[in-house]
Amino acid sequence: MKLTVNESIERIFLVKAAEVKTAKSGSQYLDLHLVDKDNDVKGKLWDWNEAKPSVEPMTLNRITGKVNNFNGQLQIIVKDIQPVDETEVDMADYVPCAPIDSDTILENIHSLLYEFENSDLILLCESAIDEVKEKLRYYPAAMSCHDAVRGGLLHHTYCMLQTAIRICAVYPSINSDLLYTGVILHDLAKIDEIDSAPVGIATGYTAKGNLIGHLVLGAMNVERLCDTYGIPDEVKLTVQHMLLSHHGIPEYGSPKVPMILEAQVLNLIDELDAKIYEFNEAAENTEPGTFSPKVFSLGNIQVYKPNI
């Protein structure tokens, strides 16, 4: 619900930023950036001091206060702020969320693993997922572009798996265990590459992300897990190649181009899912029969939404 001037409120907001500032009088106040699904406003908590509990950015808090108008913009004069347990609310009311139930998707992935014929690939996938499954429930797939939402990484992986399953039904020459493994593991290292708060909003790249990147980090993780569990070198090498080549060409960050059928299919499925997401995003806010603004991630094209 949209805020209105002079409204007294007691509502939950996501605190995107919280900074202690000094007023002209010399007293300190807390400058807040507050959002929910309908509002994006500033908040002021006057007479702030260090004796009061700190407010962490990217957390949910219950805000008590009154809405006023400051220089033509709505602003909340905050009287009280209290942290909220994220499990008690619907996160979709506060941050963009992928259209999935994380628990159900993780169960479906585990069920698929038990259909594998290759026990080494089962062990590799299970151990990799188990290490990150709590973060996988909320992690975004990117800083921006496709699936840069809460749960986006899991959504992207699941959509790719559904595509891979159908491709394998058409082309039986594809090693399905190997392709599914590539899909499951290809972006898991984004959890090491991107900083994300538990609310599922990416806040920046980690040092590892900037200096190494998720393709190489993923290959490093595969080597570590294979060595830990005694998984054969041929399996390790093949899966590492798939992860290192899944962006297709050096211009897109791949140190190697795909040289295995399953690696090539993984690259194509990854690109397909990302492109579909971007086209859908552009079309969602475009009137039928008109063009969207230019979309950088699609080569700076304008997406046309057919009026049919």
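# Cores and cysteines in a predicted model

Biologist: Where does Ile 269 sit?

Modeller: Ile 269 has its place in helix α9, and please keep in mind that this is a predicted model.

Biologist: Buried or exposed, and why?

Modeller: Ile 269 counts as buried because its relative accessibility is 3%, which falls under the 20% cut-off.

Biologist: Which residues does Ile 269 touch?

Modeller: If residues up to four places away in sequence are not counted, Ile 269 touches Met 160, Thr 163, Ala 164, Ile 167 and Leu 179. Leu 179 is also listed among the residues with the most contacts inside the largest nonpolar core.

Biologist: How many residues does that largest core have, and which have the most contacts inside it?

Modeller: The largest nonpolar core has 46 residues, and those with the most contacts inside it are Phe 116, Leu 124, Leu 179, Ile 184, Leu 185 and Val 239. At least two residues of this core come from each of α1 (102-113), α2 (119-136), α3 (152-170), α4 (176-185), α7 (214-229), α8 (233-244) and α9 (261-284).

Biologist: Which helix gives the largest share?

Modeller: That is α2, which supplies 8 residues of the core.

Biologist: And what is Val 239 in contact with?

Modeller: Leaving aside neighbours within four places in sequence, Val 239 is in contact with Leu 121, Leu 124, Leu 178, Thr 181, Leu 185 and Val 222. Two of these partners, Leu 124 and Leu 185, are themselves on the list of residues with the most contacts inside the core.

Biologist: What does the second core include?

Modeller: The second core is separate and has 16 residues, including Ile 9, Val 15, Ile 63 and Val 67.

Biologist: Switching to Leu 32, which strand is that in, and what does it contact?

Modeller: Leu 32 lies in strand β2, which covers residues 28-35. Apart from neighbours within four places in sequence, Leu 32 is in contact with Val 15, Ala 17, Ala 18, Val 41, Lys 42, Gly 43, Val 55, Val 78 and Ile 81.

Biologist: Is Leu 32 buried or exposed?

Modeller: Leu 32 counts as buried, because its relative accessibility is 0%.

Biologist: Now the cysteines: how many disulfides are there?

Modeller: The count comes to 0 disulfides.

Biologist: Are Cys 97 and Cys 168 buried, exposed or in between?

Modeller: Cys 97 counts as partly exposed at 30% relative accessibility, whereas Cys 168 is buried, with a relative accessible area of 11%.

Biologist: How far is Cys 97 from Leu 32?

Modeller: Their C-alpha atoms are separated by 23 Å, and the two residues are 65 residues apart along the chain.

Biologist: Last topic, the whole protein: how many helices and strands, and what share is buried?

Modeller: The protein has 9 helices and 9 strands, and 47% of its 308 residues count as buried. Its C-alpha atoms fill a box of roughly 70 × 50 × 35 Å along the principal axes.

Biologist: And how many charged side chains?

Modeller: There are 25 positive and 45 negative side chains, and the centres of the two sets lie 10 Å apart.

Key:
Residues numbered from 1 in each chain as written. Predicted model: local features only at pLDDT ≥ 70, side-chain atom pairs only at ≥ 80, totals over all residues. Heavy atoms only, no water. Disulfide = S-S within 2.5 Å. Buried < 20%, exposed > 50% of the residue type's maximum accessible area, 1.4 Å probe, protein only. Helix = DSSP H or I, 4+ residues; strand = E, 2+ residues; numbered from the N terminus. Lys, Arg positive; Asp, Glu negative; His and termini not counted. Charge placed at Lys NZ, Arg CZ, Asp CG, Glu CD. Core = buried A, V, L, I, M, F, W, Y, C linked by side-chain atoms within 4.5 Å. Contact = heavy atoms within 4.5 Å.
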